[in-house]
Amino acid sequence: MSDYLRPNFSGELRGISVLGLAHVGDAVFELMVRTWLCQQGTSTAKQLHGGTVAYVSAKAQAEAADRVLPKLSEEEMTLFKRGRNAHANTVPRASTYEEYHIATGIEALFGYLYLKGDTDRLSELFDIIIERNKVVT
């Protein structure tokens with residue numbers, strides 16, 4: 001039986017397109033945001049939805065990139081750049097072309113790390129992204 005929640009593709013990742021990595025990374029990032037919001041005590045559907053949208057929008061992900069990029073390894077930066085430079089057919093109205101491409105780079109990186117099975121590194125990067133918004137308990 002395959003374990004789709006803990007994949008470990010290792011060498012097989014080269015066969016996945018950068019937009020495929022971003023597709024997975026988008027879901028991984030959103031799941032991490034939703035989990036974090038629940039851990040913070042966010043409880044109403046309206047608060048959960050609003051909080052999720054605030055973090056997963058292209059604009060928010062582009063802002064998060066500013067905090068994450070200086071912390072990336074050479075390999076991670078290469079993946080980010082591949083995602084950022086990928087050709088996308090459409091750009092959402094709520095974001096600029098640049099924001100959308102930067103967000104795609106972040107999503108590609110998150111998808112790559114997830115499929116590689118490097119959840120520790122995913123958590124490190126996610127902590128950097130949400131650092132300013134953590135509730136001290």
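A: Phe-29 has 1% relative accessibility, so Phe-29 counts as buried (under 20% relative accessible area; exposed is over 50% and partly exposed in between, with a 1.4 Å probe and protein chains only). The model is predicted: local features need pLDDT of at least 70, side-chain atom pairs count only at pLDDT 80 or more, and totals for chains, interfaces and linings use all residues. Residues are numbered from 1 along each chain as its sequence is written, and side-chain values use heavy atoms, leaving out hydrogens and water.

Q: Is Phe-110 buried or exposed?

A: Phe-110 is at 0% relative accessibility and therefore counts as buried.

Q: How is a pair of aromatic rings described?

A: The distance of the centres and the angle of the planes describe such a pair. Rings of Phe, Tyr and Trp (its six-membered ring) pair if their centres lie within 6.5 Å; planes under 30 degrees apart are stacked, over 60 edge-to-face and the rest tilted. This rule gives three aromatic pairs here. In one of them, the ring centres of Phe-29 and Phe-110 are 5.3 Å apart and the planes stand at 85 degrees, so this pair is edge-to-face.

Q: Which parts does the pair of Phe-29 and Phe-110 tie together?

A: Phe-29 lies in helix α1 (residues 18-39) and Phe-110 in helix α5 (residues 97-116), so the pair links parts 81 residues apart in sequence. Helices here are DSSP runs (H or I, at least four residues), numbered from the N terminus.

Q: Which residues form the aromatic cluster?

A: Phe-29, Phe-110 and Phe-126 form one aromatic cluster.

Notes: Helices (H or I, at least four residues) and strands (E, at least two) are DSSP runs, numbered from the N terminus.
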